[in-house]
Amino acid sequence: MNFGKHCKRLALTTALAMSTLAAQAGELVINTDASDPAPKAAFEAVVKDFEAANPDVKVKINTFDHEGFKTSIRNFLSAEAPDVVTWYAGNRMAPFVNAGLLDDVSDVWAKEGLSDKLKSAEASMTINGKKWGVPYTYYQWGIYYRKDIFARLGINPPKTWPELLAACAKLKADKITPFAIGSKQTWPTGGWFDYLDLRVNGYEFHMDLTAGKVPYTDKRVQAVFDRWDELVKPGYFLANHPSYMWQEALPAFVKGEAAMYLMGNFAVAPMKEAGLKEEQLGFLPFPSITPNLPRSEDAPTDTVHIPAKARNKVDARRFLAFIARADTQSKMNGILGQLPVNKQARQPDDTYLKAGFAMLSSAHALAQFYDRDALPEMAKAGMDGFQRYMLNPDSRNEVLKRLEEVRSRVYK
Amino acid sequence: MFPTPIAQTGMPVRMLYGIALPLSLLIWLLPIIGVAMTSVRGQADLTAGNYWGWPTHWQMIQNYTAVFHNTPILHYIGNSFLVTLPTVAGAVALSCMAGFALGIYRFRFNLLLFFIFVGGNFIPFQILMVPVRDLSLRLGLYDTVMGLVLFHTAFQTGFCTFFMRNFIRELPSELVDAARVEGATEFQIFWKVVLPLTRPAIAALAVLIFTFIWNDYFWATVLIQGDHAMPVTGGLKSLNGEWVAQWQLVSAGSIVAALPPVLIFFLMQRHFIAGLTLGANKG
Amino acid sequence: MTTTSPPSLAAAHDAADGWWARHQRALAPVLFLLPAALMFTVYVIAPIFQSIAISFTDWDGLGVKRFIGFGNYVELASDPDFRTAMFNNVIWLLGYLLAIPIGLAMALFLNQTVFGIRLIKALFFFPFVISQVVVGLVFSWFYDPTNGLLFHVLRALGLPPVAVLSDEHLVTYGIVAAGLYPQIAYCMILYLTGLNNVRADLIEAARLEGARGFSLLWHVVLPQLRPATFIAVVVTVVGSLRSFDMISIMTQGGPYGSSRVLAYYMYEQALSEYGYRMGYGTAIATVLFLVMLVYIVFVLAQIWRQEREL
């Protein structure tokens, strides 16, 4: 009896020990760049739900500064890897995939039937025929414009290039800068290049170009800059844009000194915070340039991945499956104010998101964004070059020659 | 004294000096006064474009509360202390010993070693960046306070050894000889004879190194990634990224971040300047 | 010594003591130097050679290093961004040197004994104590083309506004001006201390001989300030070649890379979001190091001469 009691106690302690062990084994470490309030809240919500659904897993989130994350990810992927990491789709994940730092998660896709549910993002998650992560949100790009200013000057939202140029001329004549832009961080210039190229040459060419298959000195790239000239040369962009970050260019738009802003949908929240009402703020898809070209859009997709060196890949896969679910994505994107990738998810009620959803779901194809589609070094040189061109359009040929040098070196 | 002492000049010159002195100080400190004023401004001032005029809305309490409540600035400052204090202790300790060895003993390669320490001081950080980052990664010290402390300690040892060696060499050598005659061991000479005499040098070095390390930004960006170990300089940079256009909050943060070295400077001004100007008055 | 120890132990102790006593003067410097030398070797000396080795490879920091000989240096030779960075370094160097005469002028201005001068001197020195991050932030607000003080001042004077930080020709000068702010304070304090030790008798003698103003400064005071000038030149040159913080805070090298210097360009190539070219980065660092080495040798030669005089 005494012996039996002893045994029981032993069993109990072992069980206790086991359970603490299991709790340790069931710890899931997630590194995110969700440092801004909305993404942070969205991740906290999804983790809470995930823990509720999987009581044996304890999640630990490490939040990194959004910009700093882009450099730090390289370090922790190769040194002390977390179990799940946030990143971006397209070529932006290619260096990690090629260096063998991410886990192939095609099994998760197959098991959960994601090829159907996440169809619009499937291509951008595939490299070498395998899937390398799960997308959970994206958002549209387009032109946000001041409805009140357009109405006052009798401008209709432009649908074609000549209409856009006419609108710009009218605004400029009224001493209003047509386009706000801040290029201290150069990526907003990438948005301009993307859209002009997508509208002039189309998605297929744009993908070939960003994949390094076409020289930057190509006639078709020149054609993009011919259109760009028509905006830059008459001074249709905010002066001194390299002095501002994109947020710092917002006041000009809010005060009505500028009437349009080519941006991602994340700009809507700060625009509203700064005092713009929905009746003042309109959204329009980028006008067409080459007639009858199928319309494609920029829709940067945010993703989660499993590092190859992750310790707890079992629970990491459960998390990926969880974040791919329609209800999870509905909830997250409700908080993020963005669009769910899962097509069964609840679609948004927000005016601008609805417009974005309509635009993206009827698009011919989706690009990620210049700095995600092109390789990092190319993207850096490209956006520096676009900035330089926008400040001084006469430097066009010099810029393109330089970009071609970089291209031929980077894409060997 | 040069130039002519103001007391020996005529009344107009004295008056002019009396006006010019505070005026030039005001202009010189304008950037810092600007930050201080911005840090107490209300949002309304900034919205109205009143960035440089007299604040019409005072929000000192709100701004500073916001900085402490909504941002990890206290945490950053804590990290800065965790990096700075051990570095000061480590670099001073190592350089006292090395300075003693180089300043007291005559041996071959003494001057060569000394020159290596001095020369190491002047090299551009960038030549060290990739290998030091790599080394820290391999030691598991990347992105930790400890990794930063070790590097700073090593690097500052160069300057500190230069400083201590010169100081110790100036001490009268009779003291050491007398101690030897009395049978003191070499360690006793170091601990009981030389070290007590170097107190002013240690104070000067400590204050100086504190300021250098506190204000370091480059190595913080190279060796630290996450908020958990980020010192206040790097922290301020990322706050600036988050609070674009909210100058009043970034200003309040800057003031808070600058406070510790400023306090140390004013409290220990004499030591600080003694450290900085070592060698500026002898030749 | 220890009378209580058993004889055999005491003997051993004595023997050890004896050996130590005989050799301690030779060994002590080695032992005292060891920790500092070790740390300095691991973190400063060895990395220099490692960097030079890496500069002959193509390495992204993740995969394997591929030896490419002088490939990186050949590329540097035709890299326009490298040339821009080099040129900007020259601007930094020349611009930074202005801190020396300005610092001297301020020191002369402040070298008086009036009420409160100690506090005033301390306040003048203030900019050196605060972080370059803060100075950089303040100056970028100063230059802000919509709300900056510069904008308001220019408008008040009826001059056209200038966006200093978006102009490829002005941007480096704008940042150098910000960098000068703490550097002038530094040089000023060096000269103030130097002036304390200027020999009053020599000045009086010169005054009696009729030397006044600038000629007195040039022929009598400045020669006595030579040590201060030497240090001011050393720290200013080193500071100008190290310039990184201000650029990172104020422009991140922009617009389109026109404010990069070698130190920043190296960082951008080796460690930034868009580039992980460790080999190329270390090649840039090696060039910077070699430039600095010439200077280091010059400084060490000066110190060597001083040592010999002692």
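# Reading the values in a predicted three-chain model

Reader: Why is C:L34 called partly exposed?

Author: The model is predicted. C:L34 has 14 C-beta neighbours inside 10 Å. Buried needs 20 or more, and exposed needs 12 or fewer.

Reader: Where does C:L34 lie, and what separates C:L34 from C:T282?

Author: C:L34 lies in helix α1 of chain C. C:L34 and C:T282 are 248 residues apart along the chain, and 29 Å separates their C-alpha atoms.

Reader: What helices and strands does chain C have?

Author: Chain C has 14 helices and two strands.

Reader: What makes chain C more spread out than a compact globule?

Author: For 310 residues the globule rule gives 19 Å. The radius of gyration of chain C is 27 Å, well over that value, so chain C is more spread out than a compact globule. The C-alpha trace of chain C spans about 95 × 70 × 35 Å along its principal axes. Of the 310 residues, 45% count as buried.

Reader: What share of the contacts in chain C joins residues 24 or more positions apart?

Author: The share is 67%, taken over contacts in chain C with a separation of 6 or more.

Reader: How is chain C divided, and how do you know that its domains touch?

Author: Chain C is divided into domain 1 (7-54) and domain 2 (81-309). Their C-alpha centres lie 40 Å apart. Contact is judged residue by residue, with C-beta atoms within 7 Å. By that test four residues of domain 1 of chain C are in contact with six residues of domain 2 of chain C. On the domain 1 side, three of the residues are nonpolar and one is polar, with no charged residues.

Reader: How many residues does the contact of chain C with chain B take?

Author: The contact takes 86 residues from chain C and 79 residues from chain B. Helix α1 (residues 7-54) of chain C supplies the largest share of the chain C side, 19 residues. That side divides into 64 nonpolar, 17 polar and five charged residues.

Reader: How does the radius of gyration of chain B stand against that of a compact globule?

Author: A compact globule of 283 residues would have a radius of gyration near 19 Å, whereas chain B has 24 Å. The C-alpha trace of chain B spans about 75 × 65 × 30 Å along its principal axes. Chain B has 15 helices and zero strands. Of its 283 residues, 51% count as buried. Among contacts in chain B between residues at least 6 apart in sequence, 74% join residues at least 24 apart.

Reader: What makes α7(B) mostly covered?

Author: 10 of the 14 residues of α7(B) are buried. Among them are B:I127, B:L128, B:M129 and B:V130, along with B:R133. After α7(B) comes B:G140, with a positive phi near 75°.

Reader: How do you know that the span of helix α14 (residues 247-267) of chain B agrees with expectation, and where does α14(B) bend?

Author: The 21 residues of helix α14 of chain B should span 30 Å at 1.5 Å a residue; the end C-alpha atoms are 29 Å apart, which agrees. α14(B) bends by about 40° at B:L259, and a proline, B:P260, follows within four residues.

Reader: How many residues of chain B and chain A are in contact?

Author: 10 residues of chain B are in contact with 11 residues of chain A. The chain B side divides into four nonpolar, four polar and two charged residues.

Reader: How is chain A divided, and which helix gives the most to the domain 1 side of the contact?

Author: Chain A is divided into domain 1 (2-137 + 300-361) and domain 2 (141-298 + 375-410). The C-alpha centres of these domains lie 33 Å apart. In chain A, 12 residues of domain 1 are in contact with 13 residues of domain 2. Helix α17 (residues 351-361) of chain A gives the most to the domain 1 side, with seven residues. That side has seven nonpolar, five polar and no charged residues.

How values were computed: Residues are numbered from 1 along each chain as its sequence is written. Chains are lettered from A and ligands numbered from 1 in the order in which they are written. This is a predicted model: local features need pLDDT of at least 70, side-chain atom pairs count only at pLDDT 80 or more; totals for chains, interfaces and linings use all residues. The radius of gyration is taken over C-alpha atoms; the globule rule is 2.2 Å times the number of residues to the power 0.38. Two residues are in contact if their C-beta atoms, placed from the backbone, lie within 7 Å. Ala, Val, Leu, Ile, Met, Phe, Trp, Tyr, Cys and Pro count as nonpolar, Asp, Glu, Lys and Arg as charged, and the others, Gly among them, as polar. The expected span of a helix is 1.5 Å times one less than its number of residues. The bend at a residue is the angle between axes fitted to the seven residues ending there and the seven starting there. Domain bounds come from an automatic or database domain assignment.
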